[in-house]
Amino acid sequence: MAGEETTVRRRGRRPGGQDTRTALIEAARAVFGESGFDGATVRVIATRAGVDAAMVNHWFGSKEGLFAQAVLKLPFDPHELLAELRDGPDDEFGRRIVRTFLTRWDGAGGEVFQALVRSVAGHEQAALVLRGFFQNFFTRIIKDIGSDRAELRTSLCASQLVGMGLVRYVAKFEPMATSEIEPLVTAIAPTVQRYLTGDID
């Protein structure tokens, strides 16, 4: 019947709200697990989730962005985070980055960062996507600021943040493991700021 057909069609296509994002993440975890990164396609993931393929770009920016959220389980949306960090003076980027990094990972729990490390260590594609995330993320910031040698500066910033995460959440060196956030921001942010805007020769 016409009414029944309409109901079926509506049931098969989710609206573009938060439930769509959740459905995509759940579908992506299943499809990436079954097919690997290269074998998984946006269309297949979207079909599994019961949504239009355009919703992947809408919510995650790309297949890589979806992988970051579904498999790496980053406790933030990269696009939203970038917009947040851009809000302020260029000479305080280092402080905003370190404070935001620690605040987000502390809020997610140290075990989430540990899971990220395990994903990167045991999954080549996870390492590639994480590297791509840092490259895209910091390259945009560095180009906005107008600094040179974006690739080197990106690698230096990534080494600082990943190293900080390893020491605080995985190896749990004291006093860094239990320190309040602001003393760490004060100590570490000047180094990140130099990597972004200072002399690196």
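Guide: Among contacts in the protein between residues at least 6 apart in sequence, 66% join residues at least 24 apart, where a contact means heavy atoms within 4.5 Å. The model is predicted: local features need a pLDDT of at least 70, and side-chain atom pairs count only at pLDDT 80 or more, while totals for chains, interfaces and linings use all residues. Residues are numbered from 1 along each chain as its sequence is written, and side-chain values use heavy atoms, with hydrogens and water left out.

The secondary structure comes to 11 helices and 0 strands, these being DSSP runs numbered from the N terminus (helices are H or I, at least four residues; strands are E, at least two). The C-alpha atoms fill a box of roughly 70 × 35 × 30 Å along the principal axes. Of the 201 residues, 42% are buried; buried means under 20% relative accessible area, exposed means over 50%, and partly exposed lies in between (1.4 Å probe, protein chains only).

Confidence is expressed as pLDDT, the predictor's confidence in each residue, from 0 to 100. The mean pLDDT of the protein is 84, and 91% of its residues reach 70 or more. Confidence is lowest in helix α1 (residues 2-12), at a mean of 40, and highest in helix α11 (residues 181-197), at 97. Over residues 1-15 the pLDDT is below 50, and this stretch has 11 contacts in the model beyond near neighbours in sequence.

The protein is divided into domain 1 (15-71) and domain 2 (76-200), with bounds that come from an automatic or database domain assignment. The C-alpha centres of the two domains lie 25 Å apart. Their contact takes 10 residues from domain 1 and 9 residues from domain 2.

In soluble globular proteins, nonpolar side chains tend to be buried together.

Leaving aside neighbours within four places in sequence, Phe 138 is in contact with Ile 97, Thr 154, Cys 157, Leu 161 and Leu 196. Thr 139, which has its place in helix α9, is in contact with Phe 134, Ala 150 and Thr 154 when neighbours within four places are again left aside. The C-alpha atoms of Thr 139 and Ala 171, 32 residues apart along the chain, are separated by 29 Å.

Arg 140 also belongs to helix α9. At 38% relative accessibility, Arg 140 counts as partly exposed. Beyond neighbours within four places in sequence, Arg 140 is in contact with His 79, Leu 82 and Arg 86. Arg 140 and Ala 150 are 10 residues apart in sequence and 8.9 Å apart in space, C-alpha to C-alpha.

Just after α9, Gly 146 takes a positive phi of about 95°. In the loop between α9 and α10 is Arg 149, whose phi is near 50°, a positive value in a residue other than glycine. Arg 149 is partly exposed, with a relative accessible area of 39%. Most residues other than glycine have a negative phi, and most peptide bonds are trans. In the loop between α10 and α11, Lys 172 has a positive phi of about 55° although it is not a glycine. Pro 175 lies in the loop between α10 (150-170) and α11, and a cis peptide bond joins Glu 174 and Pro 175, with omega about 5°.
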